[in-house]
Amino acid sequence: MAFAVKQSEELYLKSFRELEKSQASSAPGWLAELRNSGMEAFAELGFPTTRLEDWKYTNVAPISGVNFQPARVELNDKIAKQIESLPLSGMETNRLVFVNGRYAKELSSLDGLAEGVKFTSLSEAFKAGYGSLEVHLARYADFKSHAFVALNTAFMEEGGFIEIPKGVVLDKPLHLLFVSAGAGEPSIAYPRNLVLAGRESQATVIETYASLDGGVYFTNAVTEVVAEEGAHVDYVKVQRESDAAFHVATVLGYAVRNAGIETNSLQFGARLGREEVITVLDGEGAEGILAGLYVTDGRQLLDNHTTIDHAQPHCSSREFYKGILDGQSTGVFNGKILVRKDAQKTDSKQSDKNLLLSESATINTKPQLEIFADDVKCTHGATVGQIDPEAVFYLRSRGIGREEARSLLTVAFANEIIDRVKFQPLRVRLKAALAEKMAAGTGRKEA
Amino acid sequence: MFLEIKNLHANVGNTEILKGIDLEVGLGEVHAIMGPNGSGKSTLAQVLAGRDVYTVTEGEVLYGGKKLLDMAPEDRAREGIFLAFQYPVEIPGVNNTYFLRAALNAARKHRGEEELDAMDFLGLIREKMKLLEMDETLLNRPVNEGFSGGEKKRNEIFQMAVLEPKLAIMDETDSGLDIDALRIVSQGVNALRSEKRSIIVVTHYQRLLNYIVPDYVHVLSGGRIVKSGGKELALELEEKGYGWLDETVPAGERA
């Protein structure tokens, strides 16, 4: 098997050489160097195997076994219409659209951005030569020990670049919409996003993934969010890939003194999805909130790995994850809380609650506390349960049908996470997405 | 006859709880079912509502001429049966108003009536809330979540007022109520008394029956109705307690 993996890595190396050649004249030296380090790290690490503790429940052989190729599509009216009819479209936001990883300027909409706010595609940011890129890009998400981050770093070319100047409070969310189009050969995209929130600034960033035509493809995304002193970033990630797709994403939040980052990661789609959220609290008074919802059915596998790194004293973190698992699907939750030696007075709470809708669904949930300071408050809890039959009977005794009662209770369970999203139009759409997914599951059962 | 219960036997697991209940309730009548703890009162209430932890092993129930036991709980509710729970269930995340509108619309749809939109519904329930002296903030809270015991019971009768059932079964609605709450709840129930609605009041104590005066009183003991009479039977029970009932139970059945 080792040979098969090797072979697939070689494939990526070949693509990398092509990218290197095509960009030899345009990419600045520091960028070429970073990409090269990414490729080196990936070649060394290779695809992870289930022998690694962090990948114990998630076998990525189905990914490494496919010959994924970057796929450009020509934009046309059909694609534009498909995008506009996506449930996640039509929100009052500033928006950048990417199709198969390529920036689609004509489908993006930017108006009334506050002065000094940069909201552009990464390729345009490279062209403009923004100084903050070299300072921040790929300085937070660790590619030396994480194969998928390494791979993304090697191929980083496109994604969203956001820079909010000191003191600016954005009223409209910034939306990065990634869609995959054309169900041809298995395609691959490497979205790379960088969010820089200046001192005491405030913004909501929404990153969403959707499929227009279904099919097998692979999204390997990395997002870095940096909150300077006193800044606050709400980051919402919605994953609605096709049910044959692969989605591996790493979100790294870095908060300094008195800064706050709230992430909410909602995973619905993909055959195999892995989302790693890492929040580093590296300044006194920093706050991290990590929320997440994973909804699985059929034979889906959705994996959530979170790390909260308490690097400084007097920081607090709260973590709320929930899973709803149906069919023969599998969920994974691994929540690591790292409290470093100096991080006294850390206050951290974690919970992961799961609802199993079928007897053949599986959840692997594990808290992982590594505490090196002695004056800290850390709690964690995980629950796995089924729909309360007493509650179902109560609803039925009032005239609500059995399936509707079950669905109502399931939605109620999920709403605790969805209601954390402050932007109302997105909240409404998330509830609709959940209802749609549940209806599809029920339909399958009845068929 | 509006409701006919004939020789009803029901088990939990292998334990027989109801051992042959016979009861007839006419339209517009109020029947009280009294009895000591463990006599099967709540079981009877739950079996009529369709709770599936109980298995009916014998007998039948006709409701408006239809075979009640063949109907799913939601269909019974849509046909006008309402159970006020002894222990109303807390349902976090489900809004009280949303829940009640879904329930009402399920029944309306079943009857071929138009479903009510949020505005019409709000108008309707405001009226009913006054009746139960309910605080409007309760409407926007999740169903029963964090409600006090009294608020939960009041919410049950409030739901009953909104759903306007043909047969209301109140399972120990008085338990845990202070005298004020008892007065409000009874007031609500009395306002719902009508010749088109039958009510079965299940209770351990006579107290509630001072407020909701029944037409008939039945005493349940050991899974059977051992005595039936008018409202004065309740007073007799209050005076003598349930101890004397043992004499009416066949010798072979005594513990």
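Let's start with helix α3 of chain B. Its buried residues pack against α2, β7, α4 (118–131), β8 (142–143) and α5 (149–163) of chain B. This is a predicted model, where local features need pLDDT of at least 70, side-chain atom pairs count only at pLDDT 80 or more, and totals for chains, interfaces and linings use all residues. Residues are numbered from 1 along each chain as written, and chains are lettered from A and ligands numbered from 1 in written order.

Some terms. Helices (H or I, at least four residues) and strands (E, at least two) are DSSP runs, numbered from the N terminus. Contact means C-beta atoms, placed from the backbone, within 7 Å. Buried means 20 or more other C-beta atoms within 10 Å of a residue's own.

Back to α3(B). Its 15 residues reach 21 Å from first C-alpha to last, close to the 21 Å expected at 1.5 Å a residue; that expectation is 1.5 Å times one less than the residue count. Buried here are, among them, B:Phe99, B:Leu100 and B:Arg101. Just after the helix, B:Gly112 has a positive phi of about 75°.

Now the contact between chains. Chain B gives 18 residues and chain A 16 residues. On the chain B side, α2 (73–78), β7 (91–95) and α3 (96–110) each give two or more.

Last, chain A. In strand β12 (residues 260–267), eight of eight residues are buried. A:Glu262 and A:Leu266 are among those pointing one way, A:Thr263 and A:Ser265 among those pointing the other. Strand β10 (residues 232–240) pairs with β12(A) in parallel over eight bridges; pairing takes at least two DSSP bridges. A:Tyr235 bridges to A:Thr263.

Technical notes: Contact = placed C-beta atoms within 7 Å. Buried ≥ 20, exposed ≤ 12 C-beta atoms within 10 Å, placed from the backbone.
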